[in-house]
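Subject: Structure for you to look at

Hi,

Here is the structure I promised to pass on. Please open it and keep it beside these notes.

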Amino acid sequence: MDHNISVHRFDDNYSNEDLINSVQHSEIMTVDPALLKELRMVQKVSFKGVFPIAEEQISYQCLEIKHDRNRNLILIRYRISFQDNIDWNKAKINFERFLARHTHTAHANVNLIYIVWNAFDCWYIMTGNQMLRQALIRMVSKPTVLETLPDEILLEICLYLLNVDILSSFFNLNSRMRRMISQYYRDVSLHKASITQSSFLCQNVLPQIGSRIQSLVLDRCYSVMQHELFMKHFSNNMSIIFPCLKKISLVGFQYSHIMSFLEKLQDLESLNEIQLHDLFGINEEYQANVIRTLLQANNHRLTSVFINNGSSFLKFYETDCYMNILQLRITLREIKDLSSLFTVVPNVRYLDVTLVEEDMENLSRDQMKISSLEYLLNFQLRSTKRWWNTEELSTILDQLPYAKTIALFLCVLDAYLVYGNTILSLLPSTIQQFHYAAFYSPTMIYDQDNNILTSWSESHPITCYRSDDFGFIHTLPWYFKNISFPTSIGKLMSKPTKCKTGYDERVKKIEIIIDKNLTLAKSLAVIAQCRRLRHLVISINSEEETIKEESNQLSSLPILPELTQIFIYASKTIDFDQLSMIFFAAPNLFRLDLPCDFLLHLLENQQIRDTLGRSVKSLVILDATKTSSIKLNEEHVRFIASTFTNLSDIYVDVTHLTSNAVTDSNEIMPGSMESMIVCLLSKFISQKLISLVVDIQPSEEMKTNSKEWLYKHTILHQQLFDADYNTELNRLIIWM
């Protein structure tokens, strides 16, 4: 293209030089010439009253379509020679209507901002929003091999895709694909959606399929600002868009997020269940307000509220009463909170409670003041950080007169609570299933283990472990999804047994502490028993000299196909050969949390580096262990980025760096926190990250206007993103 061009502007964002560069160097979209006929313009329709063009030419050929990724522009080239006396406003409206009509998209999705032409050709230049790009791809891309496959194979492929990938990829492709994926309209999850995907779905897909959605997941854990975008589109019309919604799940919300969402959750006639996953810690002064707002949400229509064990503990206003709640899972602080709980949900049928605080105070029956739950059928209680006595436990069980299923996981203070004839006598006569696990101090038990075993009836068989400092009994098979234990008990559990413990079927999460009692090698024998394990948490507290492994260790682990997340917390380094066995046994591992020095040491082993680099898609780099001199720097980032080539999200702690802001020449100082942000984005952006989260103490400019700072100083100015600095967590969050 020569530079003898003319330009008409509908905005002033780009100079003539920018537009010339865009026309010359933008990426040409793959085009089937036959399909370009769809975009041929006819003079009497498209140009009447707009352009005084030669009468003998009745139509104008579309030559090519380009995408300028840097400026996010769409360019469509026609063989047209313009003259003077043009009605530009009419030209803009006519072309936008023409393109919207032929690409089957909304007029609002087409925004013509420049018309550029020379003696031979004309370029219509539009903002390259996601909706227009998707519409053009459908029109001008060559048919893919994928589209020629039968529905059965495509649906099999969908089993390996995220819900957001299915909806954003297939929904607007053609009517056949839309019908094929209709089964995915019922349960919609926005988990791990990029900002582009979320924008496209909120604007184009959810409004069209909203009446068919019965379950919806909003994710702030990976799609870190998704809540704000969703509320922008639906805060005032959720009941209209989602009339059949029955269940909603909220992941990774903080206090302000959950409150703003719940306040807008009104008049959804079918919505009766809400799930909260990994609710951030909430200050005690706000906890009762959160639970009140939650249980009263949607005009008191909620009947089922499930808050997972990884969430903040909460408490109640004692004067409240929620007659609507029939199922509740919640974490409370201490035993005294049970009194409020039993009072405020008198009609509850299912109740699952976890107490988290260490509490040495024992309460009498009068002090506990527990109300009777006449309708409760299923009760679960986990409280392994306080010592229970018989009076406390019997006080609670006496108030469950019609319970059919009871599951208890406790630490117990007196001998009566390890003997079956005592425990079973406390249960209501209506009981059909009873599951029990208890830690106890061996010093309070003077009988042999056999006496404990024989005290339990054949209908409730148990297994028993006893070390010098702890005893542990549980009914068979193991019932609870999570398991953790003192290291001395873990050492005993690592030994071979003929007993069918049930760990292989039930355990989804295991927490293991490595110290002088339980070495990593012995812990592998415990892990090997949990074949359906999903989450593994390893805390390493040992000194170097206490972790030398025994010769009778496992040589390998069985494949753990469901193990997807591994968390490692440590104050010391360990023998990484043992740790590597876990990685090799987890072919579907996608998230890894560990200290910086652990990660760098692991990656020195090429086999481990290859294994983790292929599988891990979510990486959390914690601050290095206290004894390590290794701190994350920009050279480490380059090495890590070259290893993990499939990351979708990354969290990094860089609080060890200082903030130098920028120099007088507007340059960022090397080695500063700000420089690290620039480095992280430049090295990982090619991997199509959806989020970058950084614990940081940045400059005042980044705190007050993080998005503008990132646009000015990083590669993000080339793409759509959102960002915010969370002052409560001292955390920069970027959604891409």
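Below is what I found in it.

The model is predicted: local features need pLDDT of at least 70, side-chain atom pairs count only at pLDDT 80 or more, and totals for chains, interfaces and linings use all residues. Numbering starts from 1 along each chain as its sequence is written, and side-chain values use heavy atoms, without hydrogens or water.

Strand S6 first. S6 covers residues 73-78, and six of its six residues are buried (under 20% relative accessible area, 1.4 Å probe, protein chains only; exposed is over 50%, partly exposed in between). Strands (E, at least two residues) and helices (H or I, at least four) are DSSP runs, numbered from the N terminus. Leu73, Leu75 and Arg77 point one way from S6; Ile74, Ile76 and Tyr78 point the other way.

S6 runs antiparallel to S5 (residues 62-68), joined by six bridges. Strands pair if DSSP finds at least two bridges between them. Glu64 has Arg77 as its bridge partner. Four residues lie between S5 and S6 in their hairpin, where Asn72 has a positive phi near 55°. Six bridges also join S6 to S8 (residues 122-127), again antiparallel. Here Leu75 stands opposite Ile125.

Now helix H9, residues 195-209. Eleven of its 15 residues are buried, including Phe200, Leu201 and Cys202. H9 bends by about 45° at Cys202 (the angle between axes fitted to the seven residues ending there and the seven starting there).

Lastly, Ile157 sits in helix H6, residues 151-158. Ile157 is partly exposed, at 32% relative accessible area.

Best wishes
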